[in-house]
Amino acid sequence: MMMGSEKMNNSMEIEDENIEKTKISLMRILVEKQDPSSKEVEDGALRRFLRARDLDVEKASNMFFKYLNWKRNFVPNGSISPSEIRHEIQQNKMFLQGWDKKGRPIALLLAARHFQHEGGVDEFKRTYFTFQTSTNSQNVLVDDDFEFSLTGFIVYLFDKIITRMPPGQEKFIVIGDLKGWGYANSDIRAYLAALSLVQDYYPERLEKLFVVHAPYIFMTAWKVVYPFIDPKTRKKMIFVDNKSLKSTLLEEIDESQLPATLGGKLELVPIHNS
């Protein structure tokens, strides 16, 4: 019975792989016809957009075109320079070191070190950007300087993580440590910007987000953000109880790869020094 079950599972996996390959081929024909520069895009990237849209070629292609347009306008030089995001880097809130048991790189956020941009809102031209998820669309008010500083920092972070991925690996782990977090650290715009990037422009990159040391007052901000999170992303977010903190993390991460601040052995490495 066991052997028969294994053969059936293997057959289903092979069938799924063949379906994906066919979908990738169809998507490539479509996107290259509309945008010849897409020829430079690897199959792995197209596959991530397809998976984010349940293998619907048309929806995945539209999502991909939005990504290309955003990338060309927001990151025309191909990358973000640390000199462009000094405010975010100076807060020394993001770290990158270690891998989980499957070889996925690990990023750590110390949320109590994040503060909103100090510049007054009235100093900047106000714009609207559309925050889209698979279930709804909302207009969120931001300023130009904020959008570039915060979003640029997240893009810088993601690109740093991706360059650390070993061959064959596409995803990463994030640990959000909210120890010491208070209302002064609450930044709804930042949370929405991060969600927009993860869901719209870097699909199928996040494996899991572990939220640790979350204070009760954080749930006020969480209730505001939660409706904007699509179902797939919600499943990747894990709130870890303090009593089972280390044991939960050790299920995914070896102690030698766990940050020392969370009971592991690795010293923190700021993202800009990784």
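Predicted model: local features only at pLDDT ≥ 70, side-chain atom pairs only at ≥ 80, totals over all residues.
Five strands form an open sheet in the order β1-β2-β5-β6-β7, and the pairing is mixed. At the edges stand β1, residues 94-99, and β7, residues 237-239; each has a single partner strand, so one side of each is left without a neighbour in the sheet. From one strand to the next, the twist averages 20°.

Now to one pair of strands. β6, residues 206-212, and β7 run parallel and are joined by three bridges. In that pairing, Phe 210 of the model stands opposite Ile 238 in β7. Helix α9, residues 245-252, packs on the sheet, where α9 touches β5 (172-177) and β6. The direction of α9 makes about 170° with that of β6.

Staying on β6, the next residue is Lys 208, which lies in that strand. Is Lys 208 buried or exposed? Its relative accessibility is 19%, and the cut-off for buried is under 20%, so Lys 208 counts as buried. The Lys 208 side chain makes a polar contact with the side chain of Glu 252, at 2.4 Å. Beyond residues up to four places away in sequence, Lys 208 touches Phe 172, Ile 173, Val 174, Lys 236, Ile 238 and Glu 252.

What is Ser 186 in contact with, leaving aside neighbours within four places in sequence? The contacts are Gln 116, Trp 181, Tyr 191 and Ala 221.

Conventions
Residues numbered from 1 in each chain as written. Heavy atoms only, no water. Pairing = 2+ DSSP bridges. Helix = DSSP H or I, 4+ residues; strand = E, 2+ residues; numbered from the N terminus. Axes fitted to C-alpha atoms, helices over the stretch in contact; angles between N-to-C directions. Contact = heavy atoms within 4.5 Å. Buried < 20%, exposed > 50% of the residue type's maximum accessible area, 1.4 Å probe, protein only. Polar contact = N/O pair within 3.5 Å; in protein donor to acceptor, adjacent residues only side chain to side chain.
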